[in-house]
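Subject: Structure handover and findings

Hello,

Below is the structure I promised to pass on. My notes on what was found in it follow.

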Amino acid sequence: MKVLVTGGAGYLGSITAKALEQAGHTPVILDSLLVGPRKFVGDRIFYEGDIADRSLVRRIVEEHPDLDATIHMAARIVVPESVELPYEYYRDNVAKSLELFDELAALGKTRLVFSSTASLYALQPGFEVREGDPVEPTSPYARTKLMMEQALTDIASATDLRAIILRYFNPIGSDPDLETGYHLEHATHIVPIMAEVALGVRETFTITGTDLPTRDGTGLRDYLHVWDLAQAHVRAIEKFDDVLSATGETSTLINIGRGDGVTVREMLASFERVFGRSVPTTEAPPRPGDAVGAFANADRAKDLLGWKTELSMDDAIESALAWSNKRKDLLGY
């Protein structure tokens, strides 16, 4: 299959593109390079531009009439930044995506896999969440993702566009071959920050939130290896029609996670065990927009996609450390 991957120069997009290639598919990358580095595109088919540029989307389809599906991963994703820059998040994540969806539908490219987030779930007793559970997004970022889910559901009901919405939990680690990985120069996510402390780039790791209603007071997340996340996209593309046929829906939600919850302190302990040394820490209040936490009930992913995680948290931490050691040679920082 030939698959348009928006945001394919980013951390998740580039690794998903590689997973598609290894499964025998051809990714076509559309990325503005606002965040993702050009180097992550490699020698793949590449269009530099905005997802809301309808003429560009039309040109891509004209030049690749055999496109079978789109994976829409392009988005701003940093929770504290979304609190500071809500206009930019709603513009780029919501308004621009609507232009893309409408143009794809008009062009007859009606299979769409959408990157959503588990951070929009409301807090549940026991922290396990299923796709039908209530949502209560706590940040502009999460609200943009919920808006796009709602928009896709409505568009799929009214047009020929069809959507599989993947609610990501917390991907960590790197491409297994260390060709791409987490690339933000100033990390905003837990494991890259720990790696920066471990390698002496930062002085301490700050635990944000220590009196939350979890077993040790710190935030709880469901961490999965980014390569497992990429494989979920391959399954979603390959089984797209079967999934919607099985559900009888024009769009559907699927959680993508390991199915267990890990607190920040537990992640820190795992990181230190893999790293072999302790990591200096400090404590601070929760960041603006942070959710208390959740972990996936991933039964639908297993039933509909035939997917489950294969790699361990230790695998992910080891790859994140290895990538952090190699990143400067590849990206210069």
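In which loop is Leu 33 found? Leu 33 is in the loop between strand E2 (26-31) and strand E3 (45-48). Helices (H or I, at least four residues) and strands (E, at least two) are DSSP runs, numbered from the N terminus. Leu 33 is not a glycine, yet has a positive phi of about 65 degrees. With a relative accessibility of 22%, Leu 33 counts as partly exposed; buried means under 20% relative accessible area, exposed over 50%, and partly exposed in between (1.4 Å probe, protein chains only).

Before the rest, the basis of the values. This is a predicted model, in which local features need pLDDT of at least 70 and side-chain atom pairs count only at pLDDT 80 or more, while totals for chains, interfaces and linings use all residues. Residues are numbered from 1 along each chain as its sequence is written, and side-chain values use heavy atoms, with hydrogens and water left out.

Overall picture

The chain has 11 helices and 15 strands. Its radius of gyration is 19 Å, which agrees with the value near 20 Å that a compact globule of 333 residues would have; the radius is taken over C-alpha atoms, and the globule rule is 2.2 Å times the number of residues to the power 0.38. The C-alpha trace spans about 55 × 45 × 40 Å along its principal axes. Of the 333 residues, 54% count as buried. Among the contacts (heavy atoms within 4.5 Å) with a separation of 6 or more, 78% are between residues 24 or more positions apart.

Aromatic pairs

Rings of Phe, Tyr and Trp (its six-membered ring) pair if their centres lie within 6.5 Å; planes under 30 degrees apart count as stacked, over 60 as edge-to-face and the rest as tilted. By this rule there are five aromatic pairs. One of them joins Phe 101 and Phe 114, edge-to-face, at 6.3 Å centre to centre with 90 degrees between the planes. Phe 101 lies in helix H4 (residues 86-106) and Phe 114 in strand E5 (residues 111-117), so this pair ties together parts that are 13 residues apart in sequence. Both Phe 101 and Phe 114 are buried.

Tyr 121 and Phe 169 are stacked, because their ring centres are 6.4 Å apart and their planes are at 25 degrees. This pair links distant parts of the chain, 48 residues apart: Tyr 121 is in the loop between E5 and strand E6 (128-129), and Phe 169 is in the loop between strand E7 (162-168) and strand E8 (170-172). Tyr 121 counts as buried at 6% relative accessibility, and Phe 169 is buried with a relative accessible area of 6%.

Other residues

Phe 127 lies in the loop between E5 and E6. Phe 127 is not a glycine but has a positive phi of about 75 degrees, and is buried, with a relative accessible area of 14%.

Val 83 is in helix H3 (residues 79-84) and is partly exposed, at 37% relative accessible area. Leaving aside neighbours within four places in sequence, Val 83 is in contact with Pro 140, Pro 288 and Gly 289. Val 83 and Tyr 141 are 58 residues apart in sequence, with a C-alpha to C-alpha distance of 7.8 Å.

Regards
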